Amino acid sequence: MEPIVLTDPGVQPNDELIFSIIGGNSVYWEQMISYLYDNHFDIAEEWRFYNDGKSWLYRTLQKKKTIYWIGVQKDTFRVSFWLSEKAEPMIEASTISERIKEEYRNAKPFNHSRCVTVVMGSPEDYENVVKLIELKLKIK
């Protein structure tokens, strides 16, 4: 996987910087953010520099629940979801791509959760992220 490129703690990310890095995939960024705000309430967002990974990550939340994290990479971005074990039946029953289901099955558990990541680059990736957002928000 490509490394995350926002590694300077002194440079706060903004749309102009992000879009200059992700290029044509900025359309998926805009669609994803619009989808979230158009369909859900109490959405918050934050950029935070994480010292353990030495990079900026973008996080969206609903109340205190993290929906996803985004790491910006050269020419794209990756959207990561931490899904609890309670999500497994919902994931298996969903129309999410088989690749993501397989990634969830094979992910190493951490605190009763597993991570799946979508590297954005196609309409199918966007659709999978929307499905994962909805799934994540249904988990109690």
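**View 1. Ring pairs join Trp29, Trp47, Tyr58 and Phe77 into a cluster.** The model is predicted. Across the structure, 7 aromatic pairs are found. A pair of aromatic rings is described by the distance of the centres and the angle of the planes. The next views take up pairs from this cluster.

**View 2. Trp29 and Trp47 are a stacked pair.** Their ring centres lie 6.2 Å apart. The planes meet at 10°, and stacking requires under 30 degrees, so the pair counts as stacked. Trp29 belongs to helix 2 (residues 26-39). Trp47 belongs to strand 1 (residues 43-50). The pair therefore ties together parts that are 18 residues apart in sequence. Trp29 is buried, at 4% relative accessibility. Trp47 is buried as well, with a relative accessible area of 17%; the cut-off for buried is under 20%.

**View 3. Trp47 also pairs with Tyr58, and this pair is tilted.** The distance is 5.2 Å centre to centre. The angle between the planes is 55°. Trp47 sits in strand 1, and Tyr58 in strand 2 (residues 55-62). The two residues are 11 apart, and their pair links distant parts of the chain. Tyr58 counts as buried, with 3% relative accessibility.

**View 4. Arg114 lies over the face of Tyr104.** This view shows a charge over a ring. Arg114 is placed at 4.3 Å from the ring centre of Tyr104.

Definitions and conventions: Residues numbered from 1 in each chain as written. Predicted model: local features only at pLDDT ≥ 70, side-chain atom pairs only at ≥ 80, totals over all residues. Heavy atoms only, no water. Phe/Tyr/Trp six-rings, centres within 6.5 Å; stacked < 30°, edge-to-face > 60°. Helix = DSSP H or I, 4+ residues; strand = E, 2+ residues; numbered from the N terminus. Buried < 20%, exposed > 50% of the residue type's maximum accessible area, 1.4 Å probe, protein only. Lys NZ or Arg CZ within 6 Å of the ring centre and 35° of its normal.
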